[in-house]
Amino acid sequence: KVAAHGLYVSLSVAQIMSKNSITIAHYKTCVEAVLLMANSHIRHLPIVKNDQVIGVVTAADLLRKQNHNVVFLINEILVSKSVEELESIATQVPLLLQSSYRSNMDEHDIAYSISSVGRSINQQLLKQAEEILGQPPVPYAWVVAGSLARSEQIAHSDQDNLLIISDDYNEKEHGEYFANLAKYVCDGLNACGYVYCPGDVMAVNKKWRQPVSVWQSYFNQWIDSPDPKALMYASIFFDLKCIYGEQELLSDLLSSMLDRTVKNTIFQSHMANNAQHYTPPLGFFRNFILDSNGVNEKSLDLKKKGVVPIVDFARVYALSCGIKSINTQDRLKELASSSCLSTSGSNDLIEAYKFINLVRIKHQSNQIKTKQNIDNFVLIKEISSLDKKHLKDAFSIVSDMQSAMRSQYQTSIL
């Protein structure tokens, strides 16, 4: 301060020092300290106990101590050297969700943060695999599917991934390399809490580790012959994101795929019909239809019967209108912009999606706090009267939009 302001060094400390400094009580939390420093535009904060300064905390101190901060977690991931280190870091993901919710972060930002950590773990495992196996013999794209691709993951879930390899791929020469690469990453993800996919939709499965031409044939078959199995795959493989390797391998494939889905009205009708598989848990008299499955009796499944119907709805319209975005809210916004969906319908669905997801996040945050297993089944007694009303409103919006989709795509003929 003396140097910056050109003060005389002969002045007393009392004449130079900052007076009436912003301070924080010793019993306050780190989150409160971070917010106070951010709002006050300061980087150093005196800690006070019984009107006496007992220490000073800096922004860097708080970031280092706050292990569940998303920036801290991703930085730790990027310098990790082993699966064991990543496994230790991944245990902080639930705390990230909990702290984000307690900080009143927007549900979209919470999901994006959680998804960013998941993608970073994938990427670091691939880097570690390449260090062990050597550089890849031909270009490839490591692609994730589902909620991780859409940036909508809010807790550890099973893994969905695949490998798209250049058409220069030769099974005899290159097969072993990519099989070992996939095994290292999928095993590593499982160790980090992203468990093996029950449906075996992983790059470790040879069927999902193929060159571009084979993937092209897969998509053509699913679109041109939409049988139930094809529609199941469509719900998985039409939400894809390349997170490592050659992005062009996927982007070219998706462009070709969208050209076909826009033109194929039969496929669109089948997709719309398939999107009715999960419906909001709301009865004729606006009463909740509850799941009764053991310990989760009298509960609402806010994933399968809450967010999934909206995700499926947005996917159907996006594939029909050639929308490239894969995040559900982005899809709905672009559909409104391109007049494929009314602005009011888009806004209503977005608000319904955000609220349902927020109740789901609150539920999972409480489970983390009480050290329970994380799930999507919210007990009715956990939900306030006001939230129940808002949930019923949200479910009604989804039901109305599903009804409109049935009419538009004439699913009754199927």
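So, contacts: 67% of those in the protein with a separation of 6 or more are between residues 24 or more positions apart, where a contact means heavy atoms within 4.5 Å. Keep in mind that this is a predicted model, where local features need pLDDT of at least 70, side-chain atom pairs count only at pLDDT 80 or more, and totals for chains, interfaces and linings use all residues. Residues are numbered from 1 along each chain as its sequence is written, and side-chain values use heavy atoms, with hydrogens and water left out.

On secondary structure, we get 18 helices and 9 strands; those are DSSP runs numbered from the N terminus, H or I with at least four residues for helices, E with at least two for strands. The C-alpha trace spans about 90 × 65 × 45 Å along its principal axes.

Now burial. Of the 414 residues, 47% count as buried. Buried is under 20% relative accessible area, exposed is over 50%, and partly exposed sits in between, with a 1.4 Å probe and protein chains only.

Next, backbone angles. Asp51 counts as exposed because its relative accessibility is 73%.

Then there's Lys371, in the loop between α17 (343–369) and β9 (377–379). Lys371 isn't a glycine either, yet its phi is positive, about 60 degrees. With 77% relative accessibility, Lys371 counts as exposed.
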